[in-house]
Amino acid sequence: MSEQLRSIDGIELCVEGFGRQDDPAILLVMGATASMIWWETEFCQRLADKGYFVIRYDNRDVGRSTTYEVGSPGYTFEDMADDAVRVLDSFGIKQAHIVGMSMGGLLTQIVALRHTDRVLSISLVMTSNFAPHLPPMEEKVAAFFSNAGSIDWTDEQAVVASSVEKWKVLRGSKHSWDREKIEKLTREEFKRARNIASMNNHAFVTGAETYVVRTHEIPQPTLVIHGTEDPIIPYVHGVHLANTVPGAALLTLTGTGHELHEQDWDAMIEAICAHTAAAK
């Protein structure tokens with residue numbers, strides 16, 4: 001199906017599905033400042049070809065979904081987690097497997113605890129429960145994001161250049177560097193965004209405190225996927241998460257950074273499919 005805007009509870013969320021709607025559902029939840037297109041179309045289709053109905057969607061303040069004044073997001077992480085369930089409701093889906101990347105993984109943890117009966121399994125990709133003893137992001141990442149305020153968000157080329165630099169900072173050493181793909185996806189992001197600058201609101205979202213301390217209570221089968229060279233959420237976060245959620249499995253991507261690189265897709269898709277099949 002093509003992209004659709006769904007109006008739910010006064011919010012507009014842009015959604016897109018792949019595969020047959022009567023197959024088991026997998027909901028993909030993207031991370032901060034990134035729209036659904038970073039779950040690349042080929043990745044989604046390959047997952048659907050395994051016998052799943054795959055849904056991706058734009059979180060608030062990215063892509064074609066509802067946006068807010070920059071600096072003043074009118075929602076919490078709990079609201080964003082509820083949006084995931086709103087997306088399922090819009091398709092008439094009672095239960096789904098949820099795969100969350102980075103901030104999307106945080107939202108997935110909240111959904112698993114807040115809407116337990118709606119979740120069959122969870123896969124947590126490059127994410128954390130942000131326990132206080134875990135290490136912070138690397139200095140090079142903090143330095144990059146400290147300059148975000150200097151970008152002219154009306155200038156497509158400036159936004160593209162910033163995105164290229166960001167993915168250079170976040171990538172691991174294992175994979176080839178595809179600058180052309182990053183530029184293409186960023187230009188698509190720029191053109192389809194209601195307000196490209198509003199992505200920065202994700203840095204101001206609050207909440208989740210009462211849920212991140214309860215990850216040991218997550219009841220659903222859990223798969224953790226993490227790269228050993230993730231500079232924004234270091235690998236030990238993934239190890240800690242896998243050790244905290246009861247019975248969780250860990251897929252380690254050696255040499256991978258904070259990225260969904262095409263060269264990792266086979267391993268990720270195989271692991272996700274085996275995980276969700278066991279949880280049906």
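How do the residues of the lining of the second largest pocket divide into nonpolar, polar and charged? In this predicted model, the lining of that pocket divides into 3 nonpolar, 1 polar and 7 charged residues. The space within the second largest pocket amounts to about 220 Å³. Its lining is made up of Ile37, Glu40, Thr41, Glu42, Arg56, Lys181, Lys184, Leu185, Glu188, Glu262 and Trp265. Two or more of these lining residues come from each of helix H1 (41-48) and helix H6 (179-192). The most is given by H6, which supplies 4 residues.

Strand S2 spans residues 11-18 and is mostly covered, with 7 of its 8 residues buried. Strand S2 pairs with strand S1 (residues 4-8) in the antiparallel sense, and 5 bridges are found between the two. In this pairing, Ile8 is placed opposite Ile11 of S2. The hairpin formed by S1 and S2 has 2 residues between the strands, and Asp9 in this hairpin adopts a positive phi near 55 degrees.

Strand S2 is also joined to strand S4 (residues 53-57), by 4 bridges, and these two strands run antiparallel. Here Val15 stands opposite Tyr57, a residue of S4.

Notes: Residues numbered from 1 in each chain as written. Predicted model: local features only at pLDDT ≥ 70, side-chain atom pairs only at ≥ 80, totals over all residues. Heavy atoms only, no water. 1 Å grid on protein atoms, 1.4 Å probe; cavity = no way out; pocket = protein on both sides within 12 Å on 5 of 7 lines; lining within 4 Å. Points joined across faces, edges and corners; volume = space filled by probe spheres on them. Nonpolar A, V, L, I, M, F, W, Y, C, P; charged D, E, K, R; others polar. Buried < 20%, exposed > 50% of the residue type's maximum accessible area, 1.4 Å probe, protein only. Pairing = 2+ DSSP bridges.
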